[in-house]
Amino acid sequence: MKIVSNAKLPGSKNRCSGSDKKPIEIYMFIDPLCPECWALEPILKKLHIEYGRYFSIKHVLSGRLADLNLSKKKNYENIAQSWEKTASRTGMSCDGSLWLENPVDNPYTVSIALKAAELQGRRAGLRFLRRIQEMLFLEKKNTSNLEVLKGCADSSGLDVEEFMADIHSDSAAKAFQCDLKITSEMDVNEIPTLVFFNENIEDEGIKITGSYPYEVYVQILEEMLSEKPVQSPPPPLESFMKFFKFVASKEIAVVYNMSVSQIEREMKKLLLKQVVEQIPAKYGTFWRYIEESNVDPS
């Protein structure tokens, strides 16, 4: 893990645009198969809730894992061990036995699928990314399988027919190549990497490689803003669940500054009220929000 200052954005045309422009833009370099990216989810949720009005995030696919020669059994074993270590260290469950039982045999397909989902909008892309991670790390699905990807698109609320066409389109392939170009130009060699930029396009950004305590990310926001950011409180737990739908005890604990055991006591109250259902994982517990129409009236 290291913090590197003086990151330069390659060309102003890569900046996010639109009426929702915020003072800080974060380029987050990820790979959908990377357990360390998955493990950052609790911190990203907390940052979004407390300081989300100050920044926007642009996800960039690094292609790093797509470059691996995944055909070698030894490589599968190494990846499996890495997943297990990350899960036990971070509390964000990921089941490494996927690589020994049902390995992802074409990582490029997963990356192209993500870019195809993003063609339906940024929020659609984010929903799809989260669902891909759930299917991969928790459900042990080979997410390079087209039928799995189709199911992922459906459960993410995408137009499935459009998505399946876009997977095979030049647009998705070009979008992925653009991400690889940005990764190269910004000299990103590890994932996850976050690069913070402020509104002044001439200013250099701050590049953070690896994972850090939450306070480090807040400190960087404070340094890059012209004003001291005002922290927003987290919403009521039930509202949080209604918005995010499916989350780990670890994610909730980080957002609410509570221990996992404290959170699970609170979640069991919602369980009794039939607001959520409990989903056990290999490491820890997940909770799924029950939509009102699905609640048993009895």
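## Backbone features in the loops

Gln274 lies in the loop between helix H13 (260-272) and strand E7 (276-280), where helices (H or I, at least four residues) and strands (E, at least two) are DSSP runs numbered from the N terminus. Although Gln274 is not a glycine, its phi is positive, at about 60 degrees, and with a relative accessible area of 38% this residue is partly exposed, a term that covers the range between buried (under 20% relative accessible area) and exposed (over 50%), computed with a 1.4 Å probe on protein chains only.

The loop between H9 and E4 holds Asp187, another residue that is not a glycine and yet has a positive phi, of about 55 degrees. Pro192 is placed in the loop between helix H9 (170-185) and strand E4 (193-197), and the peptide bond that leads from Ile191 to Pro192 is cis, with omega near -5 degrees. As background, most residues other than glycine have a negative phi, and most peptide bonds are trans.

## Basis and confidence of the model

This is a predicted model, in which local features need a pLDDT of at least 70 and side-chain atom pairs count only at pLDDT 80 or more, while totals for chains, interfaces and linings use all residues. Residues are numbered from 1 along each chain as its sequence is written, and side-chain values use heavy atoms, with hydrogens and water left out.

The pLDDT, which is the predictor's confidence in each residue on a scale from 0 to 100, averages 89 over the chain, and 88% of the residues score at least 70. Confidence is highest in helix H12 (residues 249-256), at a mean of 98, and lowest in strand E1 (residues 2-7), at 57. Over residues 12-19 the pLDDT is below 50, and this stretch has 15 contacts in the model beyond near neighbours in sequence, a contact being heavy atoms within 4.5 Å. Where pLDDT is low, the predicted coordinates should not be read in detail.

## Nonpolar cores

A nonpolar core is a set of buried Ala, Val, Leu, Ile, Met, Phe, Trp, Tyr and Cys residues joined through side-chain atoms within 4.5 Å. The largest one has 76 residues, of which Phe29, Trp99, Phe128, Phe163, Phe196 and Tyr217 touch the most other members. Because domain 1 (4-10 + 21-186) and domain 2 (237-289) both give residues to this core, it lies between them; the domain bounds come from an automatic or database domain assignment. Another core, of 16 residues, lies apart from the largest one and includes Phe240, Val247, Tyr256 and Ile263.

## A buried lysine

Lys46 is placed in helix H2 (residues 41-51) and is buried, with a relative accessible area of 4%. Not counting residues up to four places away in sequence, Lys46 touches Tyr214, Val254, Val255 and Asn257.
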